[in-house]
Amino acid sequence: MDLFANLALGFDTAFTLQNLLYCLIGCVLGTLIGVLPGLGPIATIAMLLPATYALPPVAALIMLAGIYYGSQYGGSTTAILLNIPGETSSVVTAIDGYQMARNGRAGVALFTAGMGSFFAGCVATLVLAAFAAPLSQLAFKFGPAEYFSLMVLGLIGAVVLASGSLIKAIGMIVLGLLMGLIGTDVNSGVSRYAFDIPELSDGIGFVAVAMGVFGFAEIMTNLEKKDEDEGFLNKMSTMIPTKEDVKRMIPSILRGTTIGSILGILPGGGAALAAFGAYSVEKKSSKYSHEFGKGAIEGVAGPESANNAAAQTSFIPLLTLGIPPNAVMALMVGAMTIHNIQPGPQVMTSNPALFWGLIASMWIGNVMLILLNLPLIGIWVKLLKIPYRFMYPAILVFCCIGVYTVNNTVFDVYVTAAFGVIGYLFTKLGCEPPPLLLGFVLGPMMEENFRRALLLSRGDFTTFVTRPLSLGLLIASALLVVIVALPAVKKTREEAFVED
Amino acid sequence: MKIRNQRDFGAGIMYMVIGLFFTIMATQYPMGTAAKMGPGYFPFFLGIIMTLLGLFVLIRSLSAKAAIESIPKFNWRIIGLITGSVVLYGILLPTMGFIVAVFVLVFMSASASHEFHWKGTLVNASFLIIFTYSVFVVGLKLQFPLLPFFLQQ
């Protein structure tokens with residue numbers, strides 16, 4: 001079979017001392033920078049991109065891929081330890097991961113995230129190697145109507161992220177969608193809700209919103225609870241999961257890997273939806289669903305696997321179609337063109353050593369990441385022992401520097417401060433922010449595809465139900481609403497009964 | 001009429017205010033038609049959905065079946081110190097430079113804790129300045145104004 005010959009060629013390319021070294025450097029740098037609050041994969045790759053200019057093309061891409069995985073894993077670490085997600089997909093990890101850390105199980109959470117990512121990475125690399133060409137055909141089947149319906153499904157799935165009231169969670173999603181619309185409208189060039197503030201015409205930054213609503217608001221609420229101040233920081237933490245933990249995380253990792261591998265292929269939002277989707281599936285299918293939001297291990301294992309699987313398979317549209325599915329991949333295109341490689345279907349035939357070498361190095365990168373990070377877990381967990389009165393000013397400093405570096409403007413620092421207050425208000429009103437962030441990320445894409453779909457159908461709204469794939473996705477959304485709403489209806493009935 | 005669930009009541013008001021704001025603002029942008037949507041179309045209807053959701057949450061909070069919940073108190077001192085320290089950092093960074101800005105940020109935010117002690121905070125601030133300087137300025141070569149404007153060459 002060709003696959004093995006190809007993989008052999010790939011490993012031949014990747015297994016040179018030089019390439020292994022660059023892969024290692026990439027992973028180390030990526031992890032160390034990614035673990036700083038506020039510096040997600042995009043910022044990390046953008047900062048380190050110039051460092052790869054001088055390298056030979058294969059080595060440069062291998063190093064960039066290493067940086068990408070490293071920073072993503074580093075971002076999950078911050079999400080678990082400090083409740084500061086650096087990018088969309090780790091928002092989900094923060095929900096239960098941070099609660100596990102508060103229960104003194106930070107080590108187990110980090111171990112689970114690492115193992116889940118490793119397993120998912122291995123499987124997704126194989127998927128990438130075996131099905132890259134046929135899978136890219138799937139992406140062609142997705143027109144604007146299908147994308148819109150997929151996002152509806154994703155957003156409704158996001159409702160599951162909240163543990164409180166269903167209707168308030170839907171409100172948070174819509175609020176996120178609205179916030180995402182702030183800035184210049186791509187179709188007409190009209191600046192919306194920007195009030196002639198030039199910085200707002202580019203929209204609000206994701207990092208600013210996420211750090212404000214999660215990080216800053218969390219600090220303010222923590223400071224209020226004086227006596228609990230150092231409670232969770234001093235609890236003993238081991239990284240060895242119990243038998244029970246292992247039994248619970250394995251199925252979640254398998255499901256997460258499947259979801260991530262499939263959704264990662266879709267250009268635009270696929271990787272972000274993967275983590276959210278995996279969390280929804282875990283919460284709905286688990287018999288421990290009451291533990292979600294309070295530190296359920298499935299809530300870390302599922303999304304982290306999905307996240308990493310999607311990170312691998314999102315290379316498929318890039319390598320086979322030349323379409324970058326997200327901002328990180330767009331940077332990779334930039335790196336490729338600098339080295340005179342035109343991404344697209346011809347890479348596989350014209351430059352097989354590069355194509356298969358990159359795939360092989362993805363697997364090597366995953367191995368290095370786990371070898372690197374298992375010993376590091378002990379150090380990360382020790383960081384939690386720093387008294388909170390020293391810790392939170394440090395978090396603020398890193399957040400302020402991080403958010404400033406995204407666009408080199410202090411305006412983003414003010415936006416973060418404002419969202420800190422807004423996030424604090426949300427906690428007081430019992431509105432949970434994770435659904436808001438997904439809405440915020442998908443808002444512009446959703447409007448874009450909605451408009452395009454209706455443009456193609458000449459204003460006919462039935463286009464969303466006459467196209468079979470789109471209809472299927474909408475039916476799935478409707479089913480999801482029913483599944484989500486049923487227990488809620490039952491619960492209010494029970495409450496009413498108790499009050500009588 | 002008694003407000004049974006004050007948290008939901010507050011959330012409902014917030015949703016409605018935001019929804020109405022987006023809808024009213026959207027009327028200032030061209031609406032277009034479904035086939036050729038203008039920039040106002042999507043936000044207009046999304047704002048209406050937001051307002052309706054708010055209204056629903058609001059009405060539900062008044063119903064006799066709603067759980068009794070009150071909004072927890074706001075700690076204005078903590079909000080002021082934390083948010084203020086971040087805003088001050090933003091104001092100080094361009095003129096007074098990185099070192100002063102980080103120093104002020106650490107001191108002001110640390111004073112929000114009931115365990116605040118100036119000696120410990122001084123050590124923490126110095127450590128953070130050295131650490132962030134070596135990581136961001138030396139290591140990652142990011143451009144910051146380092147010193148106050150009157151000390152720059």
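Start with helix H1 of chain A: on the face turned away from its buried side sit the exposed residues Phe4(A), Ala5(A) and Ala8(A). Helices are DSSP runs of H or I with at least four residues, numbered from the N terminus.

A word on the source: this is a predicted model, where local features need pLDDT of at least 70 and side-chain atom pairs count only at pLDDT 80 or more, while totals for chains, interfaces and linings use all residues. Residues are numbered from 1 along each chain as its sequence is written, and chains are lettered from A in the order in which they are written.

Back to H1(A), whose buried residues are Gly10(A), Thr13(A) and Ala14(A). Seen down the helix axis, these buried residues fall within an arc of 90 degrees, so they line one face; the arc is that of the directions from the axis to the C-beta atoms. Their cover includes helices H2 (17-34), H4 (57-82) and H16 (352-383) of chain A.

Now for the other chain. The contact takes 53 residues from chain A and 60 from chain B, counting residues whose C-beta atoms, placed from the backbone, lie within 7 Å. On chain B's side, H3(B) gives the largest share, 16 residues. The elements giving two or more residues to that side are H1 (6-26), H2 (41-62), H3 and H4 (118-139) of chain B.

Note on methods
Buried ≥ 20, exposed ≤ 12 C-beta atoms within 10 Å, placed from the backbone. Contact = placed C-beta atoms within 7 Å.
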